[in-house]
Amino acid sequence: MMKKWLSQLLAVMMVLSVLLAVAACQPTTQPGNTAAPGDSSAPVDTSTPAETPTYTYNSVMGASPINWNPHAWQMDNEDWLRPYITAPFIDISIAPDGVNYEWVYEAATAITDITATFADKDAWGITETENRVYQIDLNPDVCWEDGTPINADSYIYSMQQLLDPAMKNYRANSYFVGDAALQNAQAYYNNDKAGQPMWADNSTDGTALVHEYSTWVLGADGQYTAADGTALRFALTAPSNYLGGDALGDYSQYFEESYAALEALADADGMVPVTDETIGLLKGFITSDDWGNEPESNLAYYAVYQNGVYEVTPWEKVGLLKTGEYQLTYILQDPTTWFYFAVASTSTWLVNEKLYEANKKTVESLVATDYCTSAETTMSFGPYKIVSFEVDKQFVLDRNENWYGYKDGKHEGQYMTDMVKVDIIGDHNTQLQLFNQGKLDEVDLTSDDMPTYRMSDYLLKTDETFTMRFIFATSLESLTSLEDEAGDGANKRILSYDDFRKAISFSIDRARFAAEATSAFKPAYFLLNNLYYYNIENDAESQYRNTTQAKEAVLRIYGIEYGAGKTYATVDEAYAAVTGYDVEAAKALFQSVYEKAIADGLYTDGQAINITCMCSAASSLTADDTRQQDLLNEFVTAATKGTGLEGKITFKFMSGSSSRYDDVASGKVEMIRGAWGGAAFYPFSTIRVYCEPDYMGGLAKIHESNGWDPTKEKLTITYDFNHDGTAETVEQTFQYWAKSINDGTYADPEDKLAILSWLESGIVMAGQCIPVATYTTGSLFSKQIQFATLTYNIMYDYGGIRLMTYNYSDAEWDKYVADQGGTLNYE
């Protein structure tokens, strides 16, 4: 790591550093060419030089990127360019051991927590002693592709533009919400609202209320206020704590007529006066069966209250300070540990002032810019630069000769790629054909491709955090209504039996399901896959799924024991044996439910059981959807053979619903296919989506809640809570346990892991959902390239373009492909 630039350097030294940086950014002559241009005394080499090998990475996208401006990009294919044409303060790469990750400084030379020594704490209202103020020492060798130096002023200008209230940039919230939130950034961003009311969520955390509904007072103007006269509004478009960050308007499809009436009464910010009329409109919705029969008093959760007025915040109050020519001080809105601040610093807000300004324009009432929408409007400061871009056809990147990394001696053996070519091809079959002709270096696969390439040495299976699961409506009221609505005499009420749904789970051969009906998905017996880390900040190997607690959760689900005298001696042996597939157990459960349902009067012998599964929002079923439907029918048919339900159960997959998650919770459909994922570093919070209505924005927002209420359902945990060697049994609601590992009730890491594992097994064993597969992207890579590792890591992927190497130069590759007859074999 380079030494930090000290803020007390003399001005003359700072000037010198600028001059040195300018010199470092100038184009360099080729090695060995030491003569000045035009110097006739230079020796003349008349020999024929050997051809320098070149290495080109040929990639493909399904659609053209439109805008890769770091202030405005929206789609993943636009962010794809970031590691090629930008340099973050800090990056993540593979550690020397080839397994763990390491931090690599790029556009910075150091990021240091200086909270304890920060001199202006009082002026900024800082009471913390750590994790609030960071000093960023910039790399003075970083410059634009045209050789223009990049210094602290470059970053200050760029942040001012990003937060400019006249622009309302799409990515501005990245710097006033989350781990990189700058102090007063949001206030500066809202300067265009100066003098207008400032509204605050009436529910501070989705649970507690500032102004209870019973205290609202009707004024002479027909509008309700809080008891102290504070103005109130219903918020249609603002994020709601009660709705888990969603806005009420996100659910307008459930009360279209009433919502339209509310919208007509709203101001430009989506704020609606609270009157008897608007109370009636909103009350009719939240108290309905469609929403979950909330009490009228819950209207308070959908309200905001006036919390002052917007004032003008000068730039000097925003927590990004220039403290040296190559030094920034970054003051956070809230404390963030070094690790998470570093993760946030792996992206950048830097833009080129000259091009940014030259491409500004007015769009309606806002200022916009065409910066980074073409080769001509893009300026790189990363290892590559865009040399051409043809919309819907191709873009090409070449080496940026002014990138510091080619000269600093710290990137030896990295960035072997000379050129990057990306073709825009929407048709998958065309992509695959070009790949097999050696014209592409990577291609994503579909399930149709998997039988051909399943055993390929060049197949990558990249895990994602999402777990596919089947989710059920199980309340008798809902299932009876669905039976009546179907009108075909078939039964659905049998789904209300936990053991019926468990029998379905045991009947599924997850290995076949994943192999035959998905694009490389992996079998799942759990809710959280191996990408969830419980302590990534301090332990790179802290995968929840690999803990003893998590393995025991799966063993509880499937009734597998281990230990002395058992089939499996250790937890690892037992866990390795799990398949989730047990036809005999399924048969026994199907038969017992058959007998009980007849005795309970909920099933008539011989009655058909027709189960509709809404699987996606697509306009029609895909080939995978149909395969999954057929396999599920095959599995259940086999598991009911010889039982009273033999030949009676039929699953029918449907598509076309964008609201299937809400529909199954409200009982509009009896079964859906869905997935939860994301937040890989927060497993203790992730489990709340199954257990905490106030975290999710109401019981109706928990997908599994039809017939199952986690605020009432009890979970019994047997565990050594006192750490004295004696296990005790404690019973609490699912909601209680989920809150307890997030609110500090249980803070010990081992306690939290144990409770999380019991929650996971308890949720799956309740049978409201059946996990079947974890999302995985299948892709092929060409014989020309070699990734640094073939083991995916959530921190560094496969090593990226930084560490990718080549088995053949471009010329050698062309010859190899020709020698193979123009078609390569990857099977």
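In strand S27, alanine 773 is the bridge partner of proline 523. Proline 523 belongs to the pairing of strand S21 (residues 522–523) with S27, in which two bridges join strands that run antiparallel. Strands, like helices, are DSSP runs numbered from the N terminus, with at least two residues (E) for a strand and at least four (H or I) for a helix. Two strands count as paired if DSSP finds at least two bridges between them. The model is a predicted one, in which local features need pLDDT of at least 70 and side-chain atom pairs count only at pLDDT 80 or more, whereas totals for chains, interfaces and linings use all residues. Residues are numbered from 1 along each chain as its sequence is written, and side-chain values use heavy atoms, with hydrogens and water left out.

Alanine 773 in S27 is also the bridge partner of methionine 468. Strand S20 (residues 459–472) is joined to S27 by ten bridges, and the two run antiparallel. A further antiparallel pairing, over three bridges, links S27 with strand S19 (residues 442–444); here aspartate 444 has serine 779 of S27 as its bridge partner. Strand S27 spans residues 769–781, and eleven of its 13 residues are buried, so the strand is largely enclosed by the rest of the structure. Buried denotes under 20% relative accessible area, exposed over 50%, and partly exposed the range in between (1.4 Å probe, protein chains only).

Strands of a sheet pair through backbone hydrogen bonds, either parallel or antiparallel. An open sheet of four strands has the order S4-S5-S13-S12, with antiparallel pairing. Its edges are strand S4 (108–113) and strand S12 (320–324), each of which pairs on one side only. On average, neighbouring strands of this sheet are turned by 20 degrees against each other, direction ignored. Within the sheet, strand S5 (residues 133–138) and strand S13 (residues 327–331) pair in the antiparallel sense over five bridges, and aspartate 137 stands opposite glutamine 327 in S13. Helix H5 (residues 152–162) lies across S5, S12 and S13 and runs at about 170 degrees to S12. Axes are lines fitted to C-alpha atoms, for helices over the stretch in contact, and angles run from 0 to 180 degrees between N-to-C directions.

Strand S1 (residues 56–61) contains serine 59. Serine 59 has 6% relative accessibility and therefore counts as buried. Neighbours within four places in sequence aside, serine 59 is in contact (heavy atoms within 4.5 Å) with Trp80, Lys421, Val422, Asp423 and Leu440.

For the protein as a whole, the secondary structure comes to 27 helices and 29 strands. The mean pLDDT (the predictor's confidence in each residue, from 0 to 100) is 91, and 94% of residues reach 70 or more. Over residues 1–47 the pLDDT is below 50, and this stretch has 42 contacts in the model beyond near neighbours in sequence. Of the 827 residues, 52% count as buried. Among contacts between residues at least 6 apart in sequence, 69% join residues at least 24 apart. The C-alpha atoms fill a box of roughly 105 × 80 × 60 Å along the principal axes.
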